[in-house]
Amino acid sequence: MSFHSIQVLFVALLCVSTLSADPHSQPHPIMAGEPPAPGESLVVDTLEPRSPASRIPVVELATLLDLDTLIDRIADRRVIFIGESHDRYEDHLTQLAVIQGLHARGRPLAIGMEFFQQPFQEVLDAYVAGEIDEAELLRRSEYFERWRYDYRLYRPILTFAREQGVPIIALNLESELTRRVGEVGIDGLDDEQRARVPDDLDGGDAAYRERLKAIFAQHPNERGQDVEHFIEVQLLWDEGMAHRAASYLSDESERTLVVLAGSGHVEYGVGIPSRLQRRLDVPVATILNGNQRSMHPAAADFFVYPQRVDLPEPGRLGVMLESGIGEEGARILGFAEGSSAQEGGLKAGDRIVQIGEQPIATYADVRIALVDGLPGERVPVSVLRKRTLGGDERLAFEVELR
């Protein structure tokens with residue numbers, strides 16, 4: 001499917017400067033404050049001179065923009081934030097379309113990605129430079145262990161960056177650090193861990209905290225995490241990514257940085273955008289998918305309304321794996337219901353050592369071997385199986401992906 005067939009519509013939000021560099025600019029009075037939740041009534045003082053109808057947002061269709069016009073409008077921004085739902089392919093196609101449009105206009109670009117963690121910057125540099133291939137990028141960045149979303153969602157963006165020599169910037173702090181903060185809070189970190197935390201954290205935004213508390217309350221807390229530790233983790237993510245982005249822009253004064261991150265890190269400007277601008281006074285623009293969200297002027301500079309685009313379902317072996325235990329291959333711990341691998345003769349305890357032409361040493365190797373596999377495809381799988389007497393036995397199977 002061509003990117004132009006997505007039929008993305010860009011809507012300049014009413015009642016707010018569409019390219020304000022200040023994410024804290026005041027919204028128009030008719031939309032002041034948070035909109036009511038879905039299904040919630042709007043309570044209005046009957047003595048108020050304005051009627052409830054005056055609070056209804058209106059979009060003038062004559063102001064709808066096409067992609068080329070949007071890119072012309074944002075081409076002079078130093079930073080462009082494009083929020084996403086991580087598993088929505090149309091969001092990533094929109095991101096790619098904006099990146100391609102800016103590149104075609106001669107803008108020197110860099111792409112900041114939430115999905116890669118800062119200690120792996122050298123791996124990204126090597127990939128863009130053509131020194132390593134896609135499989136080695138995924139393996140050495142520990143993509144499948146640290147992010148796990150279907151790599152095919154991001155592949156077109158990464159491929160374009162490599163082909164055009166566009167730097168990819170790892171924005172996120174390492175998960176070992178944020179996981180530890182979730183357990184003990186920032187005050188509980190040791191000196192080595194504390195040195196990785198930006199020294200100018202700002203957690204004083206009351207609206208930011210209340211929004212995070214609402215998110216925390218909506219999700220089961222199976223590990224008994226403290227709400228304050230949860231807020232500190234989110235704060236560390238946002239501040240860490242903003243700090244990295246600001247540092248890069250300070251060193252690369254000619255480049256436009258396109259930041260790709262979850263919508264929660266972008267909306268209302270209180271995640272990464274305001275924290276970056278606190279460090280570096282640069283003009284920014286924010287873009288969000290407007291589907292299934294309230295049209296609130298403070299949420300973003302532009303809303304986009306892409307048609308839904310789904311990737312083909314991936315082919316699966318239906319196995320649960322363990323790797324990194326000092327033995328060759330990836331050990332099968334169990335099987336999903338209706339597993340084709342189990343039906344094909346594989347057993348728990350087998351160690352997968354090859355899929356097709358791909359040698360298997362870790363879980364990541366299995367994901368790499370199957371990245372383009374589709375349901376119905378038959379693939380050769382070799383395993384090592386322990387025998388009652390003697391050494392391991394190597395067995396070969398052909399498994400149909402599901």
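**An enclosed helix**

A: Seven of the eight residues of H11 are buried, so this helix is largely enclosed by the rest of the structure. Buried means under 20% relative accessible area, exposed means over 50%, and partly exposed is in between (1.4 Å probe, protein chains only). Helices (H or I, at least four residues) and strands (E, at least two) are DSSP runs, numbered from the N terminus.

Q: Where does the model come from, and how are residues numbered?
A: This is a predicted model, where local features need pLDDT of at least 70, side-chain atom pairs count only at pLDDT 80 or more, and totals for chains, interfaces and linings use all residues. Residues are numbered from 1 along each chain as its sequence is written, and side-chain values use heavy atoms, with hydrogens and water left out.

Q: Which residues of H11 are buried?
A: Ile272, Pro273, Ser274, Arg275, Leu276, Gln277 and Arg279.

Q: What covers them?
A: The cover includes strand E2 (79-84), helix H9 (206-218), H10, strand E5 (256-262) and strand E6 (284-289).

Q: How do H10 and H11 pack?
A: Helix H10 (residues 227-251) and helix H11 (residues 272-279) pack at about 45 degrees, and their axes are 8 Å apart. Axes are lines fitted to C-alpha atoms, for helices over the stretch in contact, and angles run from 0 to 180 degrees between N-to-C directions. H10 and H11 are therefore oblique to each other. Under 35 degrees counts as roughly parallel, over 145 as roughly antiparallel, 65 to 115 as roughly perpendicular, and the rest as oblique.

Q: Is the crossing of H10 and H11 left-handed or right-handed?
A: H10 passes H11 in a right-handed crossing. A crossing is right-handed if the near helix is turned clockwise from the far one by less than a right angle, and left-handed if anticlockwise.

Q: Which residues make that contact?
A: From H10, they are Leu235, Asp238, Glu239, Met241, Ala242, His243, Ala245, Ala246 and Leu249. From H11, they are Ile272, Arg275, Leu276, Arg278 and Arg279. Contact means heavy atoms within 4.5 Å.

Q: What classes are they?
A: The contact of H10 with H11 has eight nonpolar, one polar and five charged residues. Ala, Val, Leu, Ile, Met, Phe, Trp, Tyr, Cys and Pro count as nonpolar, Asp, Glu, Lys and Arg as charged, and the others, Gly among them, as polar.

Q: New topic. What about H2 and H6?
A: The axes of helix H2 (residues 89-104) and helix H6 (residues 155-164) come within 9 Å and cross at roughly 20 degrees. That makes H2 roughly parallel to H6. Their crossing is left-handed.

Q: Who meets whom there?
A: Tyr89, His92, Gln95, Leu96, Ile99, Gln100 and His103 in H2 meet Pro156, Ile157, Phe160 and Gln164 in H6. By class, the contact of H2 with H6 has six nonpolar, five polar and no charged residues.

Q: How many salt bridges are there?
A: The structure holds 30. A salt bridge is a side-chain nitrogen of Lys or Arg within 4 Å of a carboxyl oxygen of Asp or Glu.

Q: What else touches arginine 385?
A: Aspartate 392 does; its contacts, leaving aside neighbours within four places in sequence, are Arg351, Leu384, Arg385, Lys386 and Arg387. Aspartate 392 is in the loop between E12 and strand E13 (393-400). At 33% relative accessibility, aspartate 392 counts as partly exposed.

Q: Now the whole chain. How many helices and strands?
A: There are 13 helices and 13 strands. Buried residues make up 48% of the 402 residues.
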